[in-house]
Amino acid sequence: MRKKGVIFMLLRNLNPKQGLCNDTRLSITGLLENFISVKIVSECNRGGVVFLPRIELAPSDVNIPFALKRRQFPLIPAYAMTISKSQGQTFDHVGIYFDEPVF
């Protein structure tokens with residue numbers, strides 16, 4: 001479920017010039033049935049408000065005997081991210097939990 005104010009991560013390159021690239025962090029400001037209003041939280045174009053439409057996704061496997069299509073928003077909750085995805089990001093506060101030695 002999408003909630004206002006929650007941080008999400010973009011899963012597709014929608015408009016790189018506008019800062020809407022894969023792994024861009026976004027905060028939801030408004031919800032409608034076919035599009036979502038979001039504010040960019042990542043470094044590139046921080047504070048910009050954009051609208052994200054639903055995107056039609058279809059598998060590329062031609063061996064499927066039926067047509068499969070779905071429409072969904074290209075977002076995933078960004079409660080946690082891997083070390084490689086966090087490179088280049090700027091954070092005010094960070095929490096790290098290591099239950100085993102890393103090195």
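Biologist: How many salt bridges does the structure hold?

Modeller: Bear in mind that this is a predicted model, where local features need pLDDT of at least 70, side-chain atom pairs count only at pLDDT 80 or more, and totals for chains, interfaces and linings use all residues. Residues are numbered from 1 along each chain as its sequence is written, and side-chain values use heavy atoms, with hydrogens and water left out. A salt bridge here is a side-chain nitrogen of Lys or Arg within 4 Å of a carboxyl oxygen of Asp or Glu. On that basis, the number of salt bridges is 1.

Biologist: Which residue does glutamate 56 form a salt bridge with?

Modeller: Glutamate 56 sits in strand β5 (residues 55-57), and its partner is 13 residues away in the loop between β5 and β6 (70-72). Strands are DSSP runs of E, at least two residues, numbered from the N terminus. The closest N and O atoms are 3.8 Å apart, and the partner is lysine 69.

Biologist: Is lysine 69 buried or exposed?

Modeller: Buried means under 20% relative accessible area, exposed over 50%, and partly exposed in between (1.4 Å probe, protein chains only). Glutamate 56, at 49%, is partly exposed. Lysine 69 has a relative accessible area of 56%, so it counts as exposed.

Biologist: What kind of aromatic pair do phenylalanine 35 and phenylalanine 51 make?

Modeller: Rings of Phe, Tyr and Trp (its six-membered ring) pair if their centres lie within 6.5 Å; planes under 30 degrees apart are stacked, over 60 edge-to-face, the rest tilted. Here the centres are 5.3 Å apart and the planes at 85 degrees, so the pair is edge-to-face.

How values were computed: Helices (H or I, at least four residues) and strands (E, at least two) are DSSP runs, numbered from the N terminus.
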